[in-house]
Amino acid sequence: MSVADLMPTTKIAHLTISRLVVGGNPFSANSHQSPELDAEMRDYHCNRRILETLRRAHQWGVTAFQS
C-alpha cells in the first residue's frame, strides 16, 4: 500500500477526488495579507515550483486543485 492510498477521498457525481484540495492562492500570489507578501509569493512560485508542488501533491494522493 502506498501513501497515496491512505488519502481520504469523496465522490462528486461519477468522480472520486481527494478530500484534500490544493488551492491556487499561493500560485497566483493572493496572500490576503499585504502587497509585499504577494510579491514574495509571485517571486517564489515560478512555473517550475508550481509543477513540482502539484507533482508532489499527486504523489501523496491529492487529486483535486482549485484555481
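Modeller: Let's start inside helix H2 (residues 47-59), where Arg48 and Glu52 both sit, four residues apart, or about one turn of the helix. Helices here are DSSP runs of type H or I with at least four residues, strands are DSSP runs of type E with at least two, and both are numbered from the N terminus. This is a predicted model, in which local features need pLDDT of at least 70 and side-chain atom pairs count only at pLDDT 80 or more, while totals for chains, interfaces and linings use all residues. Residues are numbered from 1 along each chain as its sequence is written, and side-chain values use heavy atoms, leaving out hydrogens and water.

Colleague: Thanks! What does Arg48 form with Glu52?

Modeller: The general idea is that side chains of opposite charge can pair when their charged atoms come close. Arg48 and Glu52 form a salt bridge, and their closest N and O atoms are 3.6 Å apart. The term means that a side-chain nitrogen of Lys or Arg is within 4 Å of a carboxyl oxygen of Asp or Glu.

Colleague: How many salt bridges does the structure hold?

Modeller: There are two. In the other case Arg56 pairs with Glu52, with the closest N and O atoms 3.4 Å apart. Arg56 and Glu52 also lie four residues apart in helix H2, about one turn of the helix. Shared partners join Arg48, Glu52 and Arg56 into one network of salt bridges.

Colleague: Is Arg48 buried or exposed?

Modeller: We read this from relative accessible area: buried means under 20%, exposed means over 50%, and partly exposed is in between, using a 1.4 Å probe and protein chains only. Arg48 is exposed because its value is 52%. Arg56 is exposed as well, at 52%. Glu52 is partly exposed, with 32%.

Colleague: Let's look at the loop between H1 and H2. Which residues does His45 touch there, not counting those up to four places away in sequence?

Modeller: A contact means heavy atoms within 4.5 Å. His45 lies in the loop between H1 and H2, and it touches Pro26, Phe27 and Ile50 once residues up to four places away are set aside. With a relative accessible area of 17%, His45 is buried.

Colleague: And where does Ile50 lie?

Modeller: Ile50 is in helix H2, and it counts as buried because its relative accessible area is 17%. Leaving aside neighbours within four places in sequence, Ile50 is in contact with Phe27 and His45.

Colleague: On to the strands. How many bridges join E1 to E2?

Modeller: Two strands pair if DSSP finds at least two bridges between them. Strand E1 (9-12) is joined to strand E2 (residues 15-18) by four bridges, and the two run antiparallel. Thr10 has Ile17 in E2 as its bridge partner, and Lys11 stands opposite Thr16. E1 and E2 form a hairpin with two residues between them, and Ala13 in the turn has a positive phi of about 55 degrees.

Colleague: Which backbone nitrogen does the side chain of Ser31 reach at 3.1 Å?

Modeller: That is the backbone nitrogen of Gln33. The side chain of Ser31 also reaches the backbone nitrogen of Ser34, at 3.5 Å. These are polar contacts: pairs of N or O atoms within 3.5 Å where, within protein, one must be able to donate a hydrogen and the other to accept it, and residues adjacent in sequence count only if both atoms are side-chain atoms. Ser31 lies in the loop between strand E3 (21-23) and helix H1 (35-44), and it is buried at 12% relative accessibility. Not counting residues up to four places away, Ser31 touches Leu37, Asp38 and Met41.
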